[in-house]
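Please examine the protein model shown below. The paragraphs that follow lead through selected parts of its fold.

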Amino acid sequence: MILNIQNISMSFGGDTILKNVAFHIEDHEKAALVGINGAGKSTLLKIIMGQLEPDAGGAILAKDREIGYLAQHQDITGENTVFGELMTVKADLVELNEKIRSSEQRMADLSGDALEQEMQSYARMSEEFERRNGYAYKSEVIGVLKGLGFEEEDFGKKVAALSGGQKTRVALGRLLLTAPDIILLDEPTNHLDMHSIEWLETYLMNYSGAVLIVSHDRYFLNRVVTKVVELENGHARTYSGNYDAYSEKKAAIRHAEYAAYLNAQREMQHQQAVIDKLKQFNREKSIKRAESREKMLAKMAVPDKPVELDTKISLRFHPRVESGTDVLLVENLAKSFGDAHLFSDLTIDIKKGEHVALIGNNGTGKSTILKILNGVLRQDAGKISYGSNVEVGYYDQEMQVLHMEKTIFDEISDDYPYLTNTEIRTSLAAFLFREDDVFKRIESLSGGERARVSLCKLMLSDANFLMLDEPTNHLDIDSREILESAIRAYDGTVFYVSHDRYFINRTATRILDLTQKSLLNYIGNYDYYLEKKDTVEAAYLETDAAAVSAPAETEAKTDWKAQKEEQARIRKRENDLAKCEKEIEKLETEEGEIDAKFNDPEIATNVSELTKLSRRKEEIGARLEELYSLWEELQEES
């Protein structure tokens, strides 16, 4: 055991955040700390690091072990460059290397015993330098920087001039190179693009030390961790396995606890009913038996009702009108900022009902595309066309659609003046804004709270085409799963930017990868994208044409065509299935109405009408048989 958390309790202003939290981390173990926003995850990490003093309990680190910590926000100062900041971790190796070089110079001028002593010293230093992998320390630093998304032209930048996200990446790189026995990471993927997150996953999976991670990135947790510690209602519960295993086990435990509670309630009601009946008999023996049962009932162990925390938003999107088949067509789109050329000649064609994810590295222009489509920015070139009856709802990760000076209530009422005060309060309550919370100013809200206001506005918009820029940012895991369910159930069209691979995997029917200033199309979810990525990129993006064999290019183009055909087939099947079900429902209703007419006394004596109804019922029966067979065939299609 490397870290032992012993019954930690913590309160702030009368609110108890942690209650007797206890768990442990083994050597080399990779564990996740999860819970809703405000559950106390970051607080617990600060207690472990000694930055906060708990009300009770404590954290014990194994003897002679080192611990490292990455907070969510970093403010690195000083004159170091990005490369120089990470090289500070290797300062002892740099010093040792300088001593070796100095020793080499001295040996050139020495002889006899002095030379022998210098050679022995040189041999010891060289052996230590090699043992500590000194010949590769620069390569190691460069590898970490590139893995975390820094380009070589970034190495010479002063860290004091970097953005907050870049500083966090520098701090993460420095921490990884320090290689303590256990690392605490608070939202390490927040400022990383997909490729950097994948690199970090591999790094941590192969890391020799232990890791405790706070993260909302479920795909990341699935790949890295083997244990999950959940903070809920102040208490900690430990689950073995990755995030998916935790989610399944938690659901099973919830179900078992609720079933046990219901069984106990039923048993109590049954015993009380028996007691009441025995008392009604009003016989000496029956009364004694009733009293005996009452004593047994009083001693019954009754499990508490499982606590359902009122911390989940309620989110459902309802298009007001149905759009046409063609939703969005973008042709030859181009955008640059000064000398920074983002993209040109981009074509995007989105049809009704598609859920399209736009992915790519940081800085490729994904958010810029959404801003152009919503009129926030102007394109340098290109044509944008929306289809008939398309009503856009836009979620902006920078919250520019919110007015910082307004209250939450005014933000909603000004945009939707036809809503009554009660309707506004009800809508906001569904997003956890209750009572006086609705009068908070937008500028005073946290990122997560602003995200909930934006989602509330989006839900009220009745749009049939949602454009979302990093919609899962600032949301805890529960809220992300609710948003996923809402998107999956939404029968409108969705186009979104996200680096949340779990979210993409659950909601996307098509992926556009913005890479090398071009868009590559993948018809499927994120797992499908990973499966086909190398093949498609080899065929379409290989800069050396000779390196791309004709068979590979043909295979990729054939595969891309097959994707389009497969998507068209799936859409046709779903449409046919919906039409079939609609006709079945209509005919079954008509058949029921005919059966009701048969029982009508007036119709029962009308031979002509009875004959007509009987003939129609036979027609309906025959058609329903055909439709049932067709429905089964459509259901069997994969």
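Which residues are buried in helix 1? They are K41, T43, L44, L45, I47 and I48, where buried means under 20% relative accessible area, exposed over 50% and partly exposed in between, with a 1.4 Å probe and protein chains only. Helix 1 (residues 41-48) is thus mostly covered, with six of its eight residues buried. Just after helix 1, G50 adopts a positive phi of about 80°. Helices (H or I, at least four residues) and strands (E, at least two) are DSSP runs, numbered from the N terminus.

The model is predicted: local features need pLDDT of at least 70, side-chain atom pairs count only at pLDDT 80 or more, and totals for chains, interfaces and linings use all residues. Residues are numbered from 1 along each chain as its sequence is written, and side-chain values use heavy atoms, with hydrogens and water left out.

Strands of a sheet pair through backbone hydrogen bonds, either parallel or antiparallel. Two strands are said to pair if DSSP finds at least two bridges between them. Strand 1 (residues 3-12) and strand 4 run antiparallel and are joined by five bridges, and I5 has A59 in strand 4 as its bridge partner.

Strand 6 (residues 182-186) and strand 7 (residues 210-214) pair in the parallel sense over five bridges, and D186 has V214 in strand 7 as its bridge partner.

Finally, the axes of helix 12 (residues 408-415) and helix 14 (residues 447-460) come within 11 Å and cross at roughly 20°. Helix 12 is therefore roughly parallel to helix 14, a description for angles under 35 degrees, with over 145 roughly antiparallel, 65 to 115 roughly perpendicular and the rest oblique. I408, E411, I412 and D415 in helix 12 meet V453, C456, K457 and L460 in helix 14.

Technical notes:
Axes are lines fitted to C-alpha atoms, for helices over the stretch in contact, and angles run from 0 to 180 degrees between N-to-C directions. Contact means heavy atoms within 4.5 Å.
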